Amino acid sequence: MATHFIPSGNPIPSSPASSIHTRVEKEWLGNISLKAKPMYLRLSNGHRARAALSADPKSVEIPRQWYNLIADLPVKPPPPLHPKSFKPVKPEDLSPLFPDELIKQEVSNDKFIDIPDEVLDVYRLWRPTPLIRAKRLEKLLNTPARIYYKYEGVSPAGSHKPNTAVPQVWYNAQQGIKNVVTETGAGQWGCSLAFACSLFGLGCEVWQVRASYDQKPYRKLMMQTWGAKVHPSPSTVTEAGRKILQMDPSSPGSLGIAISEAVEVAAMNADTKYCLGSVLNHVLLHQTVIGEECLKQMEAIGETPDLIIGCTGGGSNFAGLSFPFIREKLNGKINPIIRAVEPTACPSLTKGVYAYDYGDTAGMTPLMKMHTLGHDFIPDPIHAGGLRYHGMAPLISHVYELGFMEAIAIPQIECFQGAIQFARSEGLIPAPEPTHAIAATIREALRCRETGEAKVILTAMCGHGHFDLPAYEKYLQGNMVDLSFSEEKIEASLAKIPRVRNSFSP
């Protein structure tokens, strides 16, 4: 049974794919200076063209606004605190790191924020992204469940991360900033920021977590291809990195350490700002284009999800898909279960504490109320490098505390078992991060097989795994092991969380 794409763009002329390709070639060669390329010029290959032609004629537009869940929450989230005074952060406290417009978005209570035309123009390179029914996976599992996945791997960088990289770089460029710095784990965020900087002419410097720097050399090359300078973290370039290396010369690094290094450089250079790929409110805001599109796509085919599943590290992909659906749930229109899935080696939601903690290892960032394993917790080097973060996005943590979502943790061998099933049925090789959502989806689909329930399961497929094949090699050769957390290690890390007396909690 064929896998079907739910329409993800403007209507395409209903002529055969071969004639489309002929017309594309003629128009492209005959009119290089086309101001607005027809939709079929933006299709990456004939497969997507044919899929769209055979799909429902209804189309989905790219959202023109980002959605801010804070506006609809019955209780507002606790504010971030200054790292020295422990007082609520003022907008001016963030100005050394972020441009003015992003600071406004970070503290905004507006329900919708307009997406700039220049950002929309770049989004059109890959958005809207397809919603795909996993019919072959359903058949393999012999389940009555209907499984859909929102696939973000069609972006130039191969993941959902450009959804926020593009606006972040654009706002920095508008303010006259010359350079941006950042951290990256698996490299998807670093690649996305490098891609965005190449479009808007900004310099880009990236600190990549050492374990991923060694595991995924092609991510580094991808960043460099787009013009970025890449360091392994911890590095000797910054004071924060040198301190870590003095304590542990073979440190595998962590996202918290890499953040410290990037923030240190941004704070010392007036022409440089810091960009973050997850965790903060404005990052989650930008990612809601995923869920806004998906709502319309599911409505177009007459489906309503019973269960929404996404992987969580810092939380941007999960928030991007789920927040618009949570809005509809709060409005009483739908009632899906919202389930976050994290690695057992870094289980901030399921094993962490909800407390104020630093967003980085060195304690340079504001304190955020979040589920945390402790800011100096260094997870074991699992292959899902993008999920190796000690804390969860404060807004997701707040939503979790309010009871609007649930969370589970899954070990990486089960995740890669699911990834192989997915790849051999659906044809797409997932990045290690979304394998957690896939594994949870398979668990639920098998439960449906036992109960006979025909649930509609929606999952986030946030990126492809083309640069993660060494991880698949380890699994296929039987060399992958399940890495878990050490209770003693977490207890030691949690003991170092700042003791904050506050009246800001919900």
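Author: The model is a predicted one. A network of salt bridges links Arg-339, Glu-406, Glu-444, Arg-447 and Lys-455. Lys-455 and Glu-444 are both buried.

The structure as a whole has 20 salt bridges. Another of them joins Glu-138 to Arg-133, with 3.0 Å between the closest N and O atoms. Both Glu-138 and Arg-133 are buried. A further salt bridge is formed by the side chains of Glu-101 and Lys-104, at 3.2 Å from N to O. Glu-101 and Lys-104 are three residues apart in helix H3, which means that about one helical turn separates them. Glu-101 has a relative accessibility of 35% and therefore counts as partly exposed.

Helix H3 (100-107) also gives two or more residues to the lining of the largest pocket, as do helix H11 (255-267), helix H12 (281-287), strand E13 (367-372) and helix H16 (394-401). The space in this pocket comes to about 600 Å³. Its lining consists of 31 residues, and those nearest the centre are Pro-78, Pro-79, Pro-80, Glu-106 and Asn-281. Sorted by class, the lining residues of the largest pocket are 22 nonpolar, six polar and three charged.

The buried residues of H16 are Pro-394, Leu-395, Ile-396, Ser-397, His-398 and Val-399. They pack against H12, helix H14 (316-330), strand E12 (353-358) and E13. After H16 comes Gly-403, which has a positive phi near 85 degrees.

H11, also part of the pocket lining, packs with another helix. Its axis and that of helix H10 (residues 239-247) come within 7 Å and cross at roughly 145 degrees. On the H10 side the contact is made by Glu-239, Ala-240, Gly-241 and Ile-244, and on the H11 side by Ile-257, Ser-260, Glu-261 and Glu-264. The residues of this contact comprise three nonpolar, two polar and three charged.

Terms used. Residues are numbered from 1 along each chain as its sequence is written. This is a predicted model: local features need pLDDT of at least 70, side-chain atom pairs count only at pLDDT 80 or more; totals for chains, interfaces and linings use all residues. Side-chain values use heavy atoms; hydrogens and water are left out. On a 1 Å grid over the protein atoms alone, a cavity is a set of points where a 1.4 Å probe fits but cannot get out, and a pocket is an open set with protein on both sides within 12 Å along at least five of seven lines; lining residues have an atom within 4 Å of a point. Grid points are joined across faces, edges and corners, and a volume is the space filled by probe spheres set on the points. Helices (H or I, at least four residues) and strands (E, at least two) are DSSP runs, numbered from the N terminus. Ala, Val, Leu, Ile, Met, Phe, Trp, Tyr, Cys and Pro count as nonpolar, Asp, Glu, Lys and Arg as charged, and the others, Gly among them, as polar. Axes are lines fitted to C-alpha atoms, for helices over the stretch in contact, and angles run from 0 to 180 degrees between N-to-C directions. Contact means heavy atoms within 4.5 Å. Buried means under 20% relative accessible area, exposed over 50%, partly exposed in between (1.4 Å probe, protein chains only). A salt bridge is a side-chain nitrogen of Lys or Arg within 4 Å of a carboxyl oxygen of Asp or Glu.
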